[in-house]
Amino acid sequence: MVQYADKTSISRWRLILGQAAEQQLSSYGADGTAVLSEEEQIMDQALADIYDDTLGTEGGGGAMDSSRGAGQGKSAPRLSKWLGDVRTFFPDDVVSIIQHDAMERKGWKQLLFEPEVLAHVKPDIQLVGTLLTLKNKIPEKTKDTARMLVQSLVDELVKRMEDDIRRAVTGALNRRQHSPLPSLSGIDWKRTIQRNLKHYDRDRKTLIPEKFYFFDRARRSNEWTVIVDIDQSGSMADSVIWASVISSIFASIPALNTRVVAFDTEVVDLTEQCANDPVDMLFGIQLGGGTDINKSVAYCESFIEEPKKTLFILVSDLEEGGNRGALIRRMKDMREAGVRTMCLLALSDQGKPYYDERLAKILSRDGTPCFACTPAWLPELVEGALKGHDLAELAKRLSSKTSSV
């Protein structure tokens, strides 16, 4: 017989295995239903709606195996209540998984077109990626709600990244101009020495400066050009969302002249939308389609006025459907001209991406390091690029926390 002290474990297994576990639990002397609290019974029903064939579905009733599996029935009624229950009783990371499974296993994507349903959804990157993929099918009555959901996610990501990116850019550029204000830590020793060589005392063998020169933190408008070239193929959904948000942060920094381009087989300039509203930018991206990276890079070259003050960020899985040889030559020429270049194979909190390893290795060999980068490490990469650090060496230093080739 199972002792009372084991009921917590029993209830957990009951939630994991579903109603199919009733018989097994009974054989241990436990009532699988009675062991669940009122709250756990709501959780069990919410899980059953997605993972069981017989509970919470219309026309269910087929055989089930001994664990929760992918149900094939029609969607459960009262979906808004179901979403509310899921958000109330499960942690945020689990909510995201359950919502994703609801769409993939039960075919509930079409139900995202109902505003009363969408209003109860927890915004996360996967769900917003799905929503953007379906955006051309969203009816007029749902567009405002969909936009609010995307805005909510964008606000969350901006809050997470903005301070770090601004700090990184400021840290890289705040030693570019001079000021008469005295500050020992801000002395520009090189310029001070050069301008005071005529005051060198030969007898004392000492340089006696007549005037000191200092760095300040003022930044000239559009001191650097940052070009973000985003692959909008379907497999890049998470990266597209992150890249769009980060581009909008770049666009808000006066020292940077930010250009944003998205591509599949065609090239779309999203610079204006990015500067005005990142949500507009996301809705301007068309996930899916082929890939012509060379064509997009050729377009981006038109924005390069001072190569040595240009940072080019390619966000792509490098599955090139265009002219591969021309792309390799173009990227190499850009790098040799002085442009700081990097390729983000993925920009997400998830695992290693699928990408063209051979092309990534060629680009890395030619001076364009290719990373699978978590958003948390991007500020350090950007700061390193603007300061002129060796990005390949920086990649090695970050290799334990980011994937690189």
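Me: Does helix 13 pass helix 14 in a left-handed or a right-handed crossing?
Reply: This is a predicted model, in which local features need pLDDT of at least 70 and side-chain atom pairs count at pLDDT 80 or more, while totals for chains, interfaces and linings use all residues. Residues are numbered from 1 along each chain as its sequence is written, and side-chain values use heavy atoms, without hydrogens and water. Helices (H or I, at least four residues) and strands (E, at least two) are DSSP runs numbered from the N terminus. With left-handed meaning that the near helix is turned anticlockwise from the far one by less than a right angle, the crossing of helix 13 and helix 14 is left-handed.

Me: How is helix 13 oriented relative to helix 14?
Reply: Helix 13 (residues 293-300) and helix 14 (residues 324-336) pack at about 30°, with axes 9 Å apart. Angles under 35 degrees count as roughly parallel, over 145 as roughly antiparallel, 65 to 115 as roughly perpendicular and the rest as oblique. Helix 13 is therefore, relative to helix 14, roughly parallel.

Me: How many residues in the contact of helix 13 with helix 14 are charged?
Reply: Contact means heavy atoms within 4.5 Å. I293, N294, V297 and A298 of helix 13 meet A326, L327, R330, M331 and M334 of helix 14. Seven of these residues are nonpolar and one is polar, and the number charged (Asp, Glu, Lys or Arg) is one.

Me: Which word describes the orientation of helix 7 and helix 8 to each other?
Reply: The axes of helix 7 (residues 125-133) and helix 8 (residues 140-173) come within 11 Å and cross at roughly 140°. The two helices are therefore oblique.

Me: How many nonpolar residues are in the contact of helix 7 with helix 8?
Reply: Helix 7 contributes I125, L127, V128 and L131, and helix 8 contributes A146, L149, V150, L153 and L157. None of them is polar or charged, and the nonpolar count is nine.

Me: What is the volume of the second largest cavity?
Reply: A cavity is a set of points on a 1 Å grid over the protein atoms alone where a 1.4 Å probe fits but cannot get out. The whole structure has two cavities of 30 Å³ or more. A volume is the space filled by probe spheres set on the points, and for the second largest cavity the value is about 40 Å³.

Me: Which element gives the most to the lining of the second largest cavity?
Reply: Lining residues have an atom within 4 Å of a point, and here they include A243, I246, S247 and F250. Helix 10 (237-251), strand 8 (310-315) and strand 9 (340-347) each give two or more residues. The element that gives the most, with four residues, is helix 10.

Conventions
On a 1 Å grid over the protein atoms alone, a cavity is a set of points where a 1.4 Å probe fits but cannot get out, and a pocket is an open set with protein on both sides within 12 Å along at least five of seven lines; lining residues have an atom within 4 Å of a point. Axes are lines fitted to C-alpha atoms, for helices over the stretch in contact, and angles run from 0 to 180 degrees between N-to-C directions.
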